[in-house]
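Hi,

Here is the structure I promised to pass on to you. Have a look at it first, and then read my notes below.

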Amino acid sequence: MEQQYMDYKTLQFLLREVNGLEELLQHERFQDHDSESIGMLMDAAKDFADREMFPVFREMDEEPAEYVDGKIHVHPKVKTMMDHCKEM
C-alpha cells in the first residue's frame with residue numbers, strides 16, 4: 001500500500017542519510033531521543049496514516065475543505081483523524 005501514496009524507504013533515506021539524523025540527535029536539544037525512538041515514531045505515524053488517512057484521501061479530495069461565512073468546513077473524517085492523533 002505504501003507505494004500508492006508515499007515511498008517509506010525514500011523517506012527513511014532522506015531523514016537518515018540526506019538530512020543526517022544521527023548528527024542532529026547529537027545536539028543537546030534532542031538528547032531525549034535516539035535513532036530507535038525516531039524510527040518508532042515514524043512507524044507509528046505510517047501505521048496511523050495507512051489505517052486512518054489513506055482510506056479517505058480520495059474521498060477528501062472529492063469533498064475538499066471550503067471557506068463559507070467566515071468558517072472553514074472540512075471533511076467529517078478530519079475530526080476523527082485529529083482525535084486519533086491526540087491519542088497518539
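Let's start in helix α6, where Lys86 and Asp83 sit three residues apart, about one turn of the helix. Please keep in mind that this is a predicted model. Lys86 and Asp83 form a salt bridge, and their closest N and O atoms are 3.4 Å apart. Asp83 has another partner as well: its side chain meets that of Lys79 in a salt bridge, at 2.9 Å from N to O. Lys79 and Asp83 are also in helix α6 (residues 77-87), four residues apart, again about one turn.

Are they buried or exposed? Both Lys46 and Asp50 are buried.

Now for the overall picture. The protein has six helices and two strands, and along the sequence they follow the pattern α-α-α-α-α-β-β-α. Its radius of gyration is 17 Å, well over the 12 Å that the globule rule gives for 88 residues, so the protein is more spread out than a compact globule. The C-alpha atoms fill a box of roughly 50 × 30 × 20 Å along the principal axes. Buried residues make up 18% of the 88 residues.

Two surface patches are also worth a look. In one, Glu59, Asp61, Glu62 and Glu63 gather as a patch of negative charge. Glu63 belongs to the loop between α5 (57-62) and β1 (66-68) and is partly exposed, at 44% relative accessible area.

The other patch is nonpolar: Phe13, Leu14 and Val18 make up about 280 Å² of surface. You will find Phe13 in helix α2 (residues 8-18), where Phe13 is partly exposed with a relative accessible area of 47%.

Enjoy exploring!

Best wishes

Terms used:
Residues are numbered from 1 along each chain as its sequence is written. This is a predicted model: local features need pLDDT of at least 70, side-chain atom pairs count only at pLDDT 80 or more; totals for chains, interfaces and linings use all residues. Side-chain values use heavy atoms; hydrogens and water are left out. Patches are made of residues with over 30% relative accessible area and no salt bridge: like charges are joined within 9 Å, nonpolar side chains (Val, Leu, Ile, Met, Phe, Trp, Tyr) within 5 Å. Accessible areas come from the Shrake-Rupley method with a 1.4 Å probe; for residues, only the protein chains shown count as cover. A salt bridge is a side-chain nitrogen of Lys or Arg within 4 Å of a carboxyl oxygen of Asp or Glu. Lys and Arg count as positive and Asp and Glu as negative; His and the chain ends are not counted. The place of a charge is taken as NZ of Lys, CZ of Arg, CG of Asp or CD of Glu. Buried means under 20% relative accessible area, exposed over 50%, partly exposed in between (1.4 Å probe, protein chains only). The radius of gyration is taken over C-alpha atoms; the globule rule is 2.2 Å times the number of residues to the power 0.38.
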